[in-house]
Amino acid sequence: MSLATLTKDWAATSYGFLDASAKRELRRKMLKAIAVPGCQMPYASREVPMARGWGTGGLQVTLTLVNPTSVVKVIDQGADDGVNAASIRRFISRVSGASETWDTLGASIVQSRHRIPEEMMREDQILVLQVPNPEPLRGVEPNISIARQMHADADYGKLWLTLYEQIVRKGRIMQGASYPSMVNGRHVMTPSPIPRWDVPKLNMARHLTFLSAGREKRLHAVPPYTRVEPLVFSDRPYLVEDHADLTCRRSGVQGFFMNELPQDGGGSVFEVSDSNLGIKALNKTEGAPTEIGETWYRNGEYSA
Amino acid sequence: MLTVAPPDAVELRANATFEALMWSLSRPGDVRTLPEAGFGAIVETLVDLECAAYADTPEMRARIVASGAMLAEKVSAADHVFLSELDSADIAELNCGSALYPDDGATLVLACAHQGQRLRLTGPGINGSKDVTLAVSPGFWAMRDMLCIYPEGFDIFFVDGTSVIGIPRSTKVEVL
Amino acid sequence: MAYVATRGGEKAIEQAERLFRQDLGTIDAARVETIRSTMPYLIDRVMGEASLYDEELAALALAQTGGELSEAVLVLRAWRTTQPRLAISRPVQQHEILTQRRISAAFKDIPGGQILGPTLDYSHRVLATDVLEGKPFAPPEVDKAASPAPAQQPSLAEWQRQQGLVAPANASDVAPEDIPDLTREPLLFPASRAHRLQSLARAETGGVLALGYAAMRGYGNAHPTVNELRIGEANVVVRHPRGTEFSAGRVRVSQAEVTSKEKGGYLELGFAATFGWNEVKVIAAATLDLNSDEAPVGSAVHEEFYLYHTESVEASGFCIHFKLPHYVTFQSILDAMRDAKAKKAAAEAKGETYVAEPEEEPAL
């Protein structure tokens, strides 16, 4: 063994920013996350040139996956040109040479904060969700060591009790986004703060999903064709947001998750949250050649 | 401020190897193609000085040492196990992790022809069921059932030349 | 494409960054050197929190961020994380530190002597406003001691051990490369001692001070006595592949040992050390270490609590992330709230009583 075999030429930055050992650690943990769906796998979580809490977990997964033939879409709140989405997308393409896209159908990797696109993802696509808090039990058990033991014991009684209490007090479950969901009948996970509208898209999906929390140093995965069941009582159906009848004021599409825009003098108007779906619908209206993929919701009804 | 060189051959090989491993584990029973036959690229992709690895051939042991990983004397001490042939004594020793840390369960990389015993796979990653053939005796699967108490268990890559089939601990295997 | 025109995130973020950088003006080597040579304690603090010992890079990070400390630490950490680990140094022993200052509050005098060294502790904190009126402040010369203090000083705890006051050290023969490294593996609980001390060493100074101070005021179970506080320089001793050990350079270090009460017939010791000279941080951190063993879960001196919450990059990043849009999650909450209100109104319209509970968000 000589020094030459142990070293390599100096470079200012590694390809894809992360160095080889960081990528290997992530790969090992990503494989284990696939092997035990919904179970949080701890990882070292290196610092990246972005602030913690701004998608560093998702970014590390994407940087491990990316290569020069990748096509990357990044969204924040459903929008491709949200300022942080733009910043992350630009960073990924700068350090990897990957192509950028706004089109869900054209992407090989979709990194997202708080939304799953409305167009159905395919078998060859990977969804990377940014996760602020990976622990669905945090609200009932802030101590991370105790919460881990509860997952080990599949002890979710406290979580069920919280949901039950909400029904008793409010007449319904009050959980907004981040709806706790049972994966593969064993581990309760947070689907990240996606709206309830998006959770069914993870159940028996065709694509692979990674959920990664950089600050909290945990990642979990939902492989394709894996059961993801929101925690509900059998006599209280799961309720998605009541957006089925809303219409986008710009694109005219109806039956998708909307952003509400309060108006002067009261009342609200709505815009479709999946911004590129809105653009596609507009283009189609204007007669431009546009391919809108099959959507998970049809006429406001989940139908996949 | 930031200039990044294009990926070198090692980077590209590791990236492609991981992609094959990732999809093979995500869709148990699907055959994926590795950029290079054998175990070398898999070591390069997954193993380094933060790992402890075991191998049953001198060549692979040398490969592990070169990666910087600790060479495990016993299967039970390894997080990555590379076997050129199946030995039930080795399998019985595999680290299955714990319910608290299922990620401590080992990754087994096994040289194995993708023909022979017919199996039916069900579980995460599989739409309904999937049939595969692997040159592994039914006794191995009985042993796996005994050892892997989900979420504890080990995850397997069956490597045949450049082809790889992944079977994670979450897959239910029925011998046909 | 009217829909797109109303947006424009890419341009906005680029211009926003330009505004920030324009205010700072041109950054050149001279500015970096000025910061490096005139702000040693600031450089030390940044190097400690970044866990990267390089005065020039720390000065550059400060120049580039205009002194925004959490940004400076982040940019250094992000650079550090991509660097290879070339060697692992031998642990620094207290008696080997080239000591500039070393004091103990536990005894009037100690073997080796109290060495005040450079400090503002007994200065009158008066602003030198004359400087602003054109009269430069030139520091008066230091009178040399009759005989210089030895560069190396014995460890007080070692003397206490010989006297049976402190429990014998359970010296472990761990090879340097087997010491767990917090930057290469996740922090899990209960944390290894190595992880706890590494985490404190790179913790945010203000955060450690706040929690350490809480412990000192009574939210901990032990009131600290400074057993030994030391600042100095330590040799970074590494092994050449041929087997010889050599010093690759010196780093400024601080360390504190605090003690409080007896446990099992011995004085308990809390310890902390960090890169650079940062006395407040090591005293506060050693106090947290001292308090953690019997700490109630969830208290400020419980290791999970203080290690998580003093991590500078994570804490500052999460805090500023709340500036990001959250309108999807907010929409989801609104929807549940409106539906619950509608259900309540419908029930009341039918003349049924509805159990009114205080409005509260779900805790999940």
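This is a predicted model: local features need pLDDT of at least 70, side-chain atom pairs count only at pLDDT 80 or more; totals for chains, interfaces and linings use all residues.
**Chain A as a whole**

Chain A contains seven helices and 14 strands. Along the principal axes, its C-alpha atoms occupy a box of roughly 70 × 55 × 35 Å. The radius of gyration of chain A is 20 Å, which agrees with the value near 19 Å that a compact globule of 304 residues would have. The domain assignment divides chain A into domain 1, covering 20–230, and domain 2, covering 258–302.

**The contact between the two domains**

The C-alpha centres of domain 1 and domain 2 of chain A are 24 Å apart. In the contact between these domains, 21 residues of domain 1 of chain A face 17 residues of domain 2 of chain A. Together the two domains of chain A bury about 1600 Å², with 56% of that area on carbon and sulfur atoms. Three residues, E118(A), E119(A) and M120(A), account for 36% of the area that domain 1 of chain A buries against domain 2 of chain A, more than any other three residues.

Between domain 1 and domain 2 of chain A there are two salt bridges. In a salt bridge of chain A, the side chains of D103(A) and K280(A) come together with an N to O distance of 2.7 Å. The number of residue pairs in polar contact between domain 1 and domain 2 of chain A is 13, counting pairs with both residues at pLDDT 80 or more. On the side of domain 1 of chain A that touches domain 2 of chain A, nine residues are nonpolar, four are polar and eight are charged.

**The interface of chain A with chain C**

Chain A contributes 75 residues to its contact with chain C, and chain C contributes 61 residues. The area buried between chain A and chain C is about 5900 Å², and carbon and sulfur atoms give 57% of it. Here E47(A), R169(A) and K170(A) supply 12% of the area that chain A buries against chain C, more than any other three residues.

Seven salt bridges cross the interface of chain A and chain C. E47(A) also takes part in a salt bridge with R77(C), whose closest N and O atoms are 2.8 Å apart. Among the elements that give two or more residues to the side of chain A that touches chain C are α2 (20–35), α4 (83–96), α6 (157–170) and β12 (268–272) of chain A. Helix α4(A) gives the most to this side, with six residues. By class, the side of chain A that touches chain C comprises 34 nonpolar, 18 polar and 23 charged residues.

**Salt bridges by pair**

Side chains of opposite charge can pair when their charged atoms come close. Over all chains, the structure holds 64 salt bridges. One of them joins R28(A) and D48(B). This pair crosses between chains, from helix α2 of chain A, which holds R28(A), to the loop between α2 (40–46) and β2 (52–55) of chain B, which holds D48(B). The table lists individual pairs.

| Salt bridge | N to O distance |
|---|---|
| D103(A) and K280(A) | 2.7 Å |
| E47(A) and R77(C) | 2.8 Å |
| R28(A) and D48(B) | 3.4 Å |

Technical notes
Residues are numbered from 1 along each chain as its sequence is written. Chains are lettered from A and ligands numbered from 1 in the order in which they are written. Side-chain values use heavy atoms; hydrogens and water are left out. Domain bounds come from an automatic or database domain assignment. Contact means heavy atoms within 4.5 Å. Buried area is the accessible area (1.4 Å probe) that two parts lose on being put together, summed over both. A salt bridge is a side-chain nitrogen of Lys or Arg within 4 Å of a carboxyl oxygen of Asp or Glu. A polar contact is a pair of N or O atoms within 3.5 Å; within protein, one must be able to donate a hydrogen and the other to accept it, and residues adjacent in sequence count only if both atoms are side-chain atoms. Ala, Val, Leu, Ile, Met, Phe, Trp, Tyr, Cys and Pro count as nonpolar, Asp, Glu, Lys and Arg as charged, and the others, Gly among them, as polar. Helices (H or I, at least four residues) and strands (E, at least two) are DSSP runs, numbered from the N terminus. The radius of gyration is taken over C-alpha atoms; the globule rule is 2.2 Å times the number of residues to the power 0.38.
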